[in-house]
Amino acid sequence: YYIVFGALLVGTVVTVGMYYVHFDSMAVTVAVALFIASIKAFLVAGYFMHLMSERKMIYSMLAMTMVFFFALGALTIWGSHD
C-alpha cells in the first residue's frame, strides 16, 4: 500500500503542477485533468476499496460508472464550445 500511497502523492503533485501549465484550448485542459483524476480514482478504488480482488459483477458496475463518467465529461467538453 505504500507504493499506491506514493503514486497518489505523485499524482497530487502532478495535478498541482498542471495548474501552472496553460494549454491552447479548454478541452485539452479538461481532458488532461480528467486523465490524471481517472488514474488516481483507479488507484483509490482498486487498492483501498479492494476492487482489484472482486468478482465480475463489481467490475461490470465499475465499467458502467466509467462509461457514464466519460460520457458526462465528453458532454461537458462538447457543450463548452462557444
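Author: Gladly! Let us start with what a helix is here: a DSSP run of H or I with at least four residues, numbered from the N terminus. Keep in mind that this is a predicted model.

Reader: With that in hand, what does α2 give to the lining of the second largest pocket?

Author: α2 gives the most to that lining, with six residues. α1 (2–18) and α2 each supply at least two residues. The pocket has a volume of about 180 Å³, and its lining includes T29, V32, A33 and K40.

Reader: How do you know how many residues of that lining are charged?

Author: Asp, Glu, Lys and Arg count as charged. K40 is among the lining residues, and the lining divides into eight nonpolar, three polar and one charged.

Reader: Why is α2 called roughly antiparallel to α3?

Author: The axes of α2 (residues 26–48) and α3 (residues 56–79) cross at roughly 165° and come within 10 Å. Angles over 145 degrees count as roughly antiparallel, so α2 is roughly antiparallel to α3. Their crossing is right-handed.

Reader: What makes the contact between them?

Author: A27, V30, A31, L34 and S38 of α2 meet F69, F70, G73 and I77 of α3. These divide into seven nonpolar, two polar and no charged. Gly counts as polar, and G73 is one of the contact residues.

Reader: Which residues lie nearest the centre of the largest pocket?

Author: S38, A41, F42, L62 and M66 do, out of 14 lining residues. That lining has 11 nonpolar, three polar and no charged residues, and the volume is about 270 Å³.

Terms used: Residues numbered from 1 in each chain as written. Predicted model: local features only at pLDDT ≥ 70, side-chain atom pairs only at ≥ 80, totals over all residues. Heavy atoms only, no water. Axes fitted to C-alpha atoms, helices over the stretch in contact; angles between N-to-C directions. Parallel < 35°, antiparallel > 145°, perpendicular 65-115°, else oblique. Left-handed = near helix turned anticlockwise from the far one by under 90°. Contact = heavy atoms within 4.5 Å. 1 Å grid on protein atoms, 1.4 Å probe; cavity = no way out; pocket = protein on both sides within 12 Å on 5 of 7 lines; lining within 4 Å. Points joined across faces, edges and corners; volume = space filled by probe spheres on them.
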